[in-house]
Amino acid sequence: MNFICQLYDGEKIEDKYLINLDAKYLRGKSEGDTLNKGRFVPEKTTMILVDGENSGEIFTAPIDGYQGSTFKLLEISEEMNAEYVKMIIRIYQKRLRDNKVGSAIPHLNKKMFREILVPVPPIAEQTRIVGHTNELMSKITELTEAL
């Protein structure tokens, strides 16, 4: 994973009123607080929760906003299918959540995150895997709703 993804913070900006992209807002449980400074996150940026109980959870910024304090931006190599990489991270999400570091506020174990082994098939195969997985998940959802 270390060669495929980088964790970083958005660029600090001021005097622009934007929503704070914290976990409650991203989960749809809050209208969001408006701030006039912070670390800028462009719409559609992938973020990963690095502090708290659900460390390792991935979100996509629905709008331009400010990075929530418990997040890092997740930059995925352009040579990879981003959805494929996110799928791999989700496979490891429980393991990441169960192996947090820190005592007062648990944090994502970044060492463990960087050491995740990612199979790297050709990009066309990554795309095929994502498409097939999405198709299967859609069928599972349909079956579940029918019950």
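User: What makes Glu57 count as buried or exposed?

Analyst: This is a predicted model. The relative accessibility of Glu57 is 18%. Buried means under 20%, so Glu57 counts as buried.

User: Which residue forms a salt bridge with Glu57, and why is the pair called a salt bridge?

Analyst: The residue is Arg27, and the closest N and O atoms of the two are 2.5 Å apart. The criterion asks for a side-chain nitrogen of Lys or Arg within 4 Å of a carboxyl oxygen of Asp or Glu, so the pair of Glu57 and Arg27 is called a salt bridge.

User: Why is Arg27 called partly exposed?

Analyst: Its relative accessibility is 34%.

User: How do you know whether Asp98 and Lys94 are buried, partly exposed or exposed?

Analyst: Asp98 has 47% relative accessibility and therefore counts as partly exposed. Lys94 has a relative accessible area of 53%. Exposed means over 50%, so Lys94 is exposed.

User: Which residue forms a salt bridge with Glu125, and where does the pair lie?

Analyst: Glu125 forms a salt bridge with Arg128, the distance between the closest N and O atoms being 2.9 Å. Both lie in helix H5 (residues 123-146), three residues apart, about one turn of the helix. Glu125 is partly exposed at a relative accessible area of 28%, and Arg128 is partly exposed at 48%.

User: What makes the aromatic pair of Phe59 and Phe71 edge-to-face?

Analyst: The structure holds one aromatic pair. The ring centres of Phe59 and Phe71 are 5.5 Å apart, and rings pair if their centres lie within 6.5 Å. The planes stand at 75°, and planes over 60 degrees apart count as edge-to-face, so the pair is edge-to-face.

User: Where do Phe59 and Phe71 lie in the chain, and are they buried or exposed?

Analyst: Phe59 is in strand E5 (residues 58-60) and Phe71 in strand E7 (residues 71-76), twelve residues apart, and the pair links distant parts of the chain. Both are buried.

User: Why is the phi of Asp15 worth a remark?

Analyst: Most residues other than glycine have a negative phi. Phi of Asp15 is near 65°, a positive value in a residue other than glycine. Asp15 lies in strand E2 (residues 11-21). With 67% relative accessibility set against the limit of 50%, Asp15 counts as exposed.

User: What is the phi of Lys44, and where does Lys44 lie?

Analyst: Phi of Lys44 is near 75°, again positive in a residue other than glycine. Lys44 lies in the loop between E3 and E4. At 66% relative accessibility, Lys44 counts as exposed.

User: Where is Pro121 found, and which residues is Pro121 in contact with?

Analyst: Pro121 is in the loop between helix H4 (110-114) and H5. Leaving aside neighbours within four places in sequence, Pro121 is in contact with Tyr84, Gln126 and Ile129. Pro121 and Asp15 are 106 residues apart in sequence and 44 Å apart in space, from C-alpha to C-alpha.

User: What is the make-up of the chain as a whole?

Analyst: The chain has five helices and seven strands, in the pattern β-β-α-β-β-β-β-β-α-α-α-α along the sequence. The C-alpha trace spans about 45 × 40 × 30 Å along its principal axes. Buried residues make up 36% of the 147 residues.

Key. Residues are numbered from 1 along each chain as its sequence is written. This is a predicted model: local features need pLDDT of at least 70, side-chain atom pairs count only at pLDDT 80 or more; totals for chains, interfaces and linings use all residues. Side-chain values use heavy atoms; hydrogens and water are left out. Helices (H or I, at least four residues) and strands (E, at least two) are DSSP runs, numbered from the N terminus. Buried means under 20% relative accessible area, exposed over 50%, partly exposed in between (1.4 Å probe, protein chains only). Rings of Phe, Tyr and Trp (its six-membered ring) pair if their centres lie within 6.5 Å; planes under 30 degrees apart count as stacked, over 60 as edge-to-face and the rest as tilted. Contact means heavy atoms within 4.5 Å.
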